[in-house]
Amino acid sequence: MLSSVIQPTPRTCREALTVLGLCAMLGTACAYSRMGEAEVRLQDGQPCFTLSAKEAKRGATVRLQALVISDLSSKPVTDVWSMSLDPMRSAPLSPASCMAYGQIPTGAEAAPAPELKTGRVYEVFLNGRRSDPSDPTQGYIAKFCLVADEAGGRRLMPVEFGSRARTEGVCR
């Protein structure tokens with residue numbers, strides 16, 4: 001029985017090494033990306049979104065390009081409201097200022113915001129880019145609920161990692 005052995009050519013080896021090198025570079029690039037912390041607070045009865053103080057201390061200006069609110073209690077997860085800004089008119093983010101739910105800045109694109117419901121877990125994603133191009137931050141996230149208070153109003157409750165609200169998708 002005849003058997004033949006296929007010998008790799010220099011071209012085949014070069015192509016294989018190129019592919020392996022590209023995979024290694026892409027893996028490294030992905031490993032360095034990160035999601036930063038957003039902060040949610042109540043302002044005039046509505047959630048208001050900004051950078052956490054910890055993120056602000058990292059330096060470099062962050063400019064908001066888009067904001068998305070998702071309802072994590074619904075299966076599948078649904079987007080509740082979103083707003084996007086023209087990159088030339090993007091707004092700077094800092095803990096001293098925040099973007100209120102439903103607020104549509106001049107030059108932004110958004111539909112009217114529906115009322116947020118109590119007892120549901122929401123997530124905000126702030127698509128913001130730092131002025132430092134070497135910063136690997138891809139955006140900022142926070143999870144929160146609105147719960148009824150004793151006076152018949154609503155209060156904001158952050159949803160922390162490992163909390164019951166996070167695992168069950170319902171705030172009480």
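Reader: Leaving aside its neighbours within four places in sequence, which residues is Met35 in contact with?

Author: Residues are numbered from 1 along each chain as its sequence is written, and side-chain values use heavy atoms, without hydrogens and water. The model is predicted: local features need pLDDT of at least 70, side-chain atom pairs count only at pLDDT 80 or more, and totals for chains, interfaces and linings use all residues. Contact means heavy atoms within 4.5 Å. With neighbours within four places in sequence set aside, the contacts of Met35 are Phe125, Gln138, Gly139, Tyr140 and Ile141.

Reader: Where does Met35 lie, and is Met35 buried or partly exposed?

Author: Met35 belongs to strand E1; helices (H or I, at least four residues) and strands (E, at least two) are DSSP runs, numbered from the N terminus. Buried means under 20% relative accessible area, exposed over 50%, and partly exposed in between (1.4 Å probe, protein chains only). Met35 has 40% relative accessibility, so Met35 counts as partly exposed.

Reader: What separates the C-alpha atoms of Met35 and Pro136?

Author: Along the chain, Met35 and Pro136 are 101 residues apart.

Reader: How many helices and strands does the chain have, and what pattern does the chain follow?

Author: There are three helices and ten strands. Read along the sequence, their order is α-β-β-α-β-β-β-β-β-β-β-β-α.

Reader: What percentage of the chain's contacts between residues at least 6 apart join residues at least 24 apart?

Author: The chain has 172 residues, 33% of them buried. Among contacts between residues at least 6 apart in sequence, the share that joins residues at least 24 apart is 60%.

Reader: Which residue's backbone nitrogen lies 2.8 Å from a polar atom of the Asp71 side chain?

Author: Asp71 lies in strand E3 (residues 62–71) and counts as buried because its relative accessibility is 7%. Beyond its neighbours within four places, the contacts of Asp71 are Val77, Thr78, Val80, Arg120, Val121 and Tyr122. The backbone nitrogen that lies 2.8 Å from a polar atom of the Asp71 side chain belongs to Ser73.

Reader: Which cysteines form the disulfide, and where do they lie?

Author: A disulfide is a pair of cysteine sulfur atoms within 2.5 Å, and a search of the whole structure finds one. Cys48 and Cys98 form this disulfide, with sulfur atoms 1.6 Å apart. Both cysteines are buried. The pair links distant parts of the chain, 50 residues apart: Cys48 is in strand E2 (residues 46–51), and Cys98 is in the loop between strand E5 (91–93) and strand E6 (99–100).

Reader: Is the disulfide of Cys48 and Cys98 right-handed or left-handed?

Author: The torsion about the S-S bond of Cys48 and Cys98 is about 100°. The disulfide is therefore right-handed.

Reader: Which residue forms a salt bridge with Lys54?

Author: A salt bridge is a side-chain nitrogen of Lys or Arg within 4 Å of a carboxyl oxygen of Asp or Glu, and a search of the whole structure finds six. Lys54, in helix H2 (residues 53–56), is tied to a residue of strand E1, 17 residues apart in sequence. Lys54 counts as exposed because its relative accessibility is 52%. With the closest N and O atoms 3.1 Å apart, the partner of Lys54 is Glu37.

Reader: Which residue forms a salt bridge with Glu115?

Author: Glu115, in the loop between strand E7 (108–110) and E8, is linked to a residue of strand E10 (residues 154–158), 39 residues apart. Glu115 has 57% relative accessibility and so counts as exposed. The closest N and O atoms are 3.3 Å apart, and the partner is Arg154.

Methods. A polar contact is a pair of N or O atoms within 3.5 Å; within protein, one must be able to donate a hydrogen and the other to accept it, and residues adjacent in sequence count only if both atoms are side-chain atoms.
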